[in-house]
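Please look through the model shown below, and then follow the paragraphs from its helices to its charged side chains.

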Amino acid sequence: MSGYEERQHAMETKLAHDSEFRFKVTNRRNRLLGRWAAEQIGLVGEPAEEYAQSVVLCDFEEPGDDDVVRKVLADFGGSGVAVDEATLRQKMAELLPIAKQQVHDTL
């Protein structure tokens, strides 16, 4: 393998690793968000964990965070929890570095 091919392979490997890391961080952030939202709604135990999992799964509906935001806001509205979109997005931003650290710690 030439030096160029080795660098190209190393770059491709790094890109794949970075993509997988971002995927794991986003999923962890969504799980943390789901747990927080479950607490706001009043869920505890297994129902809270099931809700957190539903938040993770809803993120596969479309690219970006809008599907997660819509789900959680709708669930808050249905449960009488008064949280607006800006507050929810701020919470997501707060949870991102925590999720990143947690994923990093598992590697």
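Helices here are DSSP runs of H or I with at least four residues, while strands are runs of E with at least two, and both are numbered from the N terminus. This is a predicted model, in which local features need pLDDT of at least 70 and side-chain atom pairs count only at pLDDT 80 or more, whereas totals for chains, interfaces and linings use all residues. Residues are numbered from 1 along each chain as its sequence is written, and side-chain values use heavy atoms, with hydrogens and water left out.

Helix H1 runs over residues 3-41, and its 39 residues reach 56 Å from the first C-alpha to the last, close to the 57 Å expected at 1.5 Å a residue; the expected span is 1.5 Å times one less than the number of residues in the helix. Ala16 belongs to helix H1, and with a relative accessibility of 46% Ala16 counts as partly exposed, a term used for values between buried (under 20% relative accessible area) and exposed (over 50%), with a 1.4 Å probe and protein chains only. Between the C-alpha atoms of Ala16 and Val81, which are 65 residues apart along the chain, the separation is 39 Å. Among the buried residues of H1 are Phe21, Val25, Arg29, Leu33 and Trp36, and the cover over the buried residues of H1 includes H2, H3 and helix H4 (85-106). After H1 comes Gly42, which has a positive phi near 105°.

The next helix, H2, covers residues 45-58, and a loop that contains Asp59 lies between H2 and helix H3 (66-79). Leu57 is part of helix H2 and, at 48% relative accessibility, counts as partly exposed. Together with Phe23 and Phe60, Leu57 makes a nonpolar surface patch of about 320 Å². Such patches are made of residues with over 30% relative accessible area and no salt bridge, where like charges are joined within 9 Å and nonpolar side chains (Val, Leu, Ile, Met, Phe, Trp, Tyr) within 5 Å; the accessible areas come from the Shrake-Rupley method with a 1.4 Å probe, and for residues only the protein chains shown count as cover.

Helix H3 has 14 residues and reaches 20 Å from its first C-alpha to its last, close to the 20 Å expected at 1.5 Å a residue. Its buried residues are Asp67, Val68, Val69, Val72 and Phe76, and what covers the buried residues of H3 includes H1, H2 and H4.

The structure holds eight salt bridges, each being a side-chain nitrogen of Lys or Arg within 4 Å of a carboxyl oxygen of Asp or Glu. One of them joins Asp65 to Arg29, with the closest N and O atoms 2.9 Å apart. Asp65 lies in the loop between H2 and H3 and Arg29 in helix H1, so this pair ties together parts that are 36 residues apart in sequence. Asp65 is partly exposed, with a relative accessible area of 26%, whereas Arg29, at 5% relative accessibility, counts as buried.

Arg89 and Glu85 meet through their side chains in a salt bridge (2.9 Å, N to O), and, being four residues apart in helix H4, Arg89 and Glu85 are separated by about one helical turn. An α-helix has 3.6 residues a turn, so residues three or four places apart point the same way. Asp66, Glu85 and Arg89 are linked in a network of salt bridges. Lys91 and Glu94 also meet in a salt bridge (3.8 Å, N to O).

Which side chain of opposite charge is nearest to Asp59, which is buried yet has no salt bridge? For Asp59 it is Arg29, at 4.9 Å, where Lys and Arg count as positive and Asp and Glu as negative, while His and the chain ends are not counted. Asp59 touches Thr26, Asn30, Gly64, Asp67 and Val68, leaving aside residues up to four places away in sequence, and contact here means heavy atoms within 4.5 Å. Asp67 is likewise buried without a salt bridge, and the nearest side chain of opposite charge to Asp67 is Arg70, 5.8 Å away.
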